[in-house]
Amino acid sequence: MMPSDSAVQFDSSGRLRHFLTINGLPRETLTGILDTAESFMSFGQREIRKVPLLRGRTVVNLFFEASTRTRTTFEIAAKRLSADVINLNAARMSTSKGETILDTVRTLEAMHTDMFVVRDSASGAAHLIASHLPSHVRVINAGDGRHAHPTQAMLDMFTIRREKGGFDGLCVAIVGDVLHSRVARSQIHALSTLGVAEVRVIGPRTLIPTEIESMGVKVFADMAEGLSGADVVMMLRLQRERMEGQLVPSEQEYFSRYGLTEEKLRHAASDAIVMHPGPINRGLEIASSVADGERSVILSQVTNGIAVRMSIMATLMGGADGGEETG
Amino acid sequence: MTNPILLAPILDQMAADIQALDLERPLMIGIHTGGAWVAEELHRRLELPSPLGTLDISFYRDDFSRVGLNPSVRSSTLPESVDDRAVILVDDVLYTGRTLRAALNEIFSWGRPAVVRLAVALDRPGRELPIQADVVGQRVELTPERQAKIARGEDGALRFDILTRERRGGSA
């Protein structure tokens with residue numbers, strides 16, 4: 001089963017209960033998350049950088065695949081909402097003793113977990129878990145295989161909106177290893193839902209999935225052509241660890257054709273911003289002078305990721321007990 | 001339909017009553033949205049030197065796990081530190097007291113004020129928490145199904161419309 005069905009994300013009264021994929025979410029849901037994230041941005045100024053929204057709730061970061069930045073920002077986000085957070089590096093746990101993912105999750109649910117943040121190398125893992133847990137438990141997809149990484153895409157959208165003031169008329173170029181990228185798929189869904197003017201993907205044919213044009217994007221094999229006039233340049237990490245066989249020529253050749261240098265960036269709009277989901281392969285997909293340059297918003301993306309993940313967690317947990325409003 | 005209550009005369013009296021509290025270097029904070037409107041008017045009348053702050057208490061409400069977040073939540077803006085200051089907290093209506101409980105919690109996440117005084121334009125029965133105002137514009141007797149809703153006219157003047165609500169909710 002392909003986990004593209006967005007319906008499982010909503011409860012019977014239309015409230016967002018899980019955050020698994022951006023595909024199928026209406027624009028109002030996305031802008032609502034971005035608006036709420038905006039109000040979490042002022043938190044750095046407070047003496048106490050916490051709000052009590054998730055006080056008494058337990059969030060389990062369940063990572064079947066290694067991750068530092070995503071897991072850390074989820075942990076900080078949950079803690080700023082006053083939740084109790086448990087980090088499980090599940091790759092080393094009982095799955096190696098033969099327990100299935102669902103057994104692991106059911107065991108943790110029996111310990112009264114309210115929310116799971118799930119990362120797995122298999123597509124559909126978060127979806128599988130969401131469909132097998134009681135309805136009061138929330139699930140956030142923190143990256144599943146090549147399928148989706150919706151919270152990364154939302155923090156990218158948040159960063160674009162802050163930098164560009166909106167989405168109308170924007171030309172966005174996504175560059176690099178689209179084939180192995182769950183980030184790219186989520187970005188394309190989010191960008192088209194939010195209504196940018198044009199989404200392009202640029203990369204060697206071997207790293208561009210054949211069906212990608214059906215998502216409404218334009219495909220370019222040449223950087224100069226693809227970057228021409230772009231307002232936003234979203235670089236992807238070359239995922240060498242996921243590659244089987246010879247998909248790219250030598251690293252030097254890849255960098256010379258697709259690595260983002262200051263020279264190539266001149267083809268984009270003069271006020272174009274450069275983004276990257278991290279971790280960066282310096283000198284492979286992006287030159288250090290660009291990654292650290294004045295057009296780069298890569299570190300803002302990391303900071304924004306906390307506010308956006310707080311917003312998504314708060315949106316999912318809000319109204320958890322149901323009932324009437326009490327002024 | 002009950003006649004609306006106009007705020008202009010109420011605000012003048014409130015400003016005088018706040019003045020009479022004799023606070024040193026007060027910091028005025030209005031609760032978003034209605035309280036911020038009232039606070040703007042009071043702030044101008046009192047010519048306070050410190051800029052006005054606004055508070056959105058959505059993240060501190062006690063009904064989050066029942067009703068969720070208000071989608072129109074805004075950032076709170078406190079332009080000066082509340083530490084050791086005399087804070088004048090302003091809201092449009094004092095009803096159950098739950099909004100003020102949330103506002104006090106939020107203020108203390110920004111720092112430790114010396115004192116907090118409460119000024120409200122309208123005080124109505126129905127308190128559910130031990131909270132009372134130091135300055136009250138007007139007391140009104142409203143039954144639970146009636147709601148006092150602040151509005152701004154085309155001329156910019158503030159008023160309360162007295163409405164019949166379908167169910168309990170809204171400002172407190």
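Author: Helices (H or I, at least four residues) and strands (E, at least two) are taken as DSSP runs and numbered from the N terminus. The model is predicted, so local features need pLDDT of at least 70 and side-chain atom pairs count only at pLDDT 80 or more, while totals for chains, interfaces and linings use all residues. Residues are numbered from 1 along each chain as its sequence is written, chains are lettered from A and ligands numbered from 1 in the order in which they are written, and side-chain values use heavy atoms, with hydrogens and water left out.

Reader: How many residues apart are A:K79 and A:E75 in helix α2 of chain A, and what do their side chains form?

Author: A salt bridge is a side-chain nitrogen of Lys or Arg within 4 Å of a carboxyl oxygen of Asp or Glu. The side chains of A:K79 and A:E75 form such a bridge, at 2.8 Å from N to O. The two residues are four apart in helix α2 of chain A, and therefore about one helical turn separates them. Over all chains, a search of the whole structure gives 23 salt bridges.

Reader: What is the strand order in the open sheet of chain B, and which strands stand at its edges?

Author: The three strands are ordered β1-β8-β7, with antiparallel pairing. β1 (5-6) and β7 (146-152) of chain B stand at the edges, each with a single partner strand, so one side of each is left without a neighbour in the sheet. Seven bridges join β7(B) to β8 (residues 158-164) of chain B.

Reader: How many residues does each chain give to the contact, and what area is buried?

Author: Contact means heavy atoms within 4.5 Å; by that rule chain B and chain A each give 29 residues. Buried area is the accessible area (1.4 Å probe) that two parts lose on being put together, summed over both. Here the two chains bury about 2400 Å² between them, 51% of it on carbon and sulfur atoms. B:F59, B:F64 and B:R66 supply 27% of the area that chain B buries against chain A, more than any other three residues. The count of salt bridges between chain B and chain A is zero.

Reader: Where are the cis peptide bonds that join A:G278 to A:P279 and B:H32 to B:T33?

Author: For A:G278 and A:P279, omega is about -15 degrees, and A:P279 lies in the loop between β9 (273-275) and α10 (288-291) of chain A. For B:H32 and B:T33, omega is about 0 degrees, and B:T33 lies in the loop between β2 (27-31) and α2 (34-46) of chain B.

Note on methods: Two strands pair if DSSP finds at least two bridges between them.
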